[in-house]
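Colleague: Could you walk me through this one slowly? I am still new to reading structures.
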Amino acid sequence: MSVQLEAPAAVAELTRKLEEAGFETWAVGGAVRDALRGQGKADWDLATRARPEEVRRLFRRTVPIGIDHGTVGVFGRDGVLYEVTTFRRDVLPMGRKAIVSFSETLEEDLARRDFTINAIAWHPLRREIRDPFAGRRDLEQGLLKAVGTPSERFREDYLRVLRGLRFAGALDLEVEAATWEGLEAAVDGIEGLSPERVRDELSKVVAGPRPSAALGLYRRAGVFPRIDPALDPEDPGESFALVDAVPSHRPLVRLSAFFLMALNGEGRRDPDPVLTRLRFSNAEVRRISTLVAAGVPPSSLADGGPVERRRWMAAIERPFLRDVIRLWVASCRIGGTSHELGSRRALGAVRGDLSGGIPLSPRELPVGGADLMAMGVPGGPVMGELLNALLEAAWARPRPPDRTTMLGWIRNGVVIPD
Ligand code: ATP
Ligand code: MG
């Protein structure tokens, strides 16, 4: 049966070259699945009978992406790097390494894949479909089903628990009964996964169009405490709508929204240990922790005056302020609380402050130590106190005062540190 899918021309070209050299080659995995659902643009992966060294000999521009697993990256004519993977049987995890055994047949390669919807092959030249596990039917019926015996498949690789919940959430699939049973029975195994794999999986969940669906399934399956005991949302009614409400092109803000909702008492106070254990980079740990700590501003900020508001702003490092606001915007978007209106008003004021160029530290004032020195202020702590007092005085004004005004304040002794 011939099925027309929207695949890039470069995919057919790579296939032709491999087949002309005598190596059977198919498109497999996520791109085929998504194309069948009518959603293009995923990464097209190829599975081939050619061994990695043969793939590398055949193409001029290749990258050894995962040679241990049989994967070679090949640049298509469109400049895209396509993954070409040799047909495999199971990959047995051996601690940090894996033992791979290559296979001669597509059927074996499809059988080692995790879910039926991910085990569909499509031939880019003949447009033929190979679907030995009826993945297309499951896709049509909205079912997530493991290939083979679910309990065994999850035990082989516990990451499949997380992958399954991600696919079910993102593609709005119901988890077939036996698959759910096998999945739940394997949840404890998540503890043994490498933190990097869990981090990458979590990042993928959070990057999706509606992360709250998969995160809700995480909760139902009891995944969170297995990832880290500090990840156990206290309020079971609490939803992850906040994550959805952050634009998906802000992955770090989305992750922050996630941790803000998912961390329990202990972790909420100090998210660093969890983030570090999950091997987020130092820069990411700093950013996410700052956002989680700032959280969504307290309602008192809405009721307080400009000085209180600007003091709150000044307590957040400037490079993170925009992201804190993005998180706040998201929370206003889902809103519904009684202080929502006040919160929106305060948010508007904070944004106004930023575009109006409000100084948030003494260094950002239009006058500096040199000016004060010239006016006879002694150096040392007095100077620092005076600059801080100037900053607070500037905060009390609707708009940030200019240099002349500030110099006038000092000259006339308007600003006296307490
Ligand atoms: P997406 O890229 O949209 O997250 P995908 O299905 O392409 O989804 P990849 O991680 O890119 O997922 O993997 C490509 C294919 O490799 C999958 O479709 C699946 O067939 C197979 N696969 C990946 N990881 C596993 C795994 N842990 N166990 C079994 N098969 C897997
Ligand atoms: Mg993929």
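Modeller: Domain bounds here come from an automatic or database domain assignment. This is a predicted model, in which local features need pLDDT of at least 70 and side-chain atom pairs count only at pLDDT 80 or more, while totals for chains, interfaces and linings use all residues. Residues are numbered from 1 along each chain as its sequence is written, chains are lettered from A and ligands numbered from 1 in the order in which they are written, and side-chain values use heavy atoms, with hydrogens and water left out.

Colleague: OK, which domains does the assignment give?
Modeller: The assignment gives domain 1 (1–141), domain 2 (296–355) and domain 3 (362–411).

Colleague: And how far apart are the C-alpha centres of domain 2 and domain 3?

Modeller: Those centres, of domain 2 and domain 3, are 26 Å apart. The contact (heavy atoms within 4.5 Å) involves six residues of domain 2 and seven residues of domain 3.

Colleague: How much area do domain 2 and domain 3 bury between them?
Modeller: Domain 2 and domain 3 bury about 560 Å², with 47% of it on carbon and sulfur atoms; buried area is the accessible area (1.4 Å probe) that two parts lose on being put together, summed over both. On the domain 2 side, V307, R310 and R311 supply 71% of the area buried against domain 3, more than any other three residues.

Colleague: How many salt bridges are there between domain 2 and domain 3?
Modeller: The count is two salt bridges, where a side-chain nitrogen of Lys or Arg must lie within 4 Å of a carboxyl oxygen of Asp or Glu. R311 and E392 form a salt bridge through their side chains, at 2.9 Å from N to O. Helix α18 (residues 306–314) gives five residues, the largest share of the side of domain 2 that touches domain 3; helices (H or I, at least four residues) and strands (E, at least two) are DSSP runs, numbered from the N terminus.

Colleague: Changing topic, what is the strand order in the open sheet?
Modeller: Seven strands form the open sheet, in the order β3-β4-β5-β2-β1-β8-β9 with mixed pairing, and two strands pair if DSSP finds at least two bridges between them.

Colleague: Which strands stand at the edges?
Modeller: β3 (62–66) and β9 (129–130) do, each with a single partner strand, so one side of each is left without a neighbour in the sheet. Three bridges join β3 to the antiparallel strand β4 (residues 71–75), and V63 has G73 in β4 as its bridge partner.
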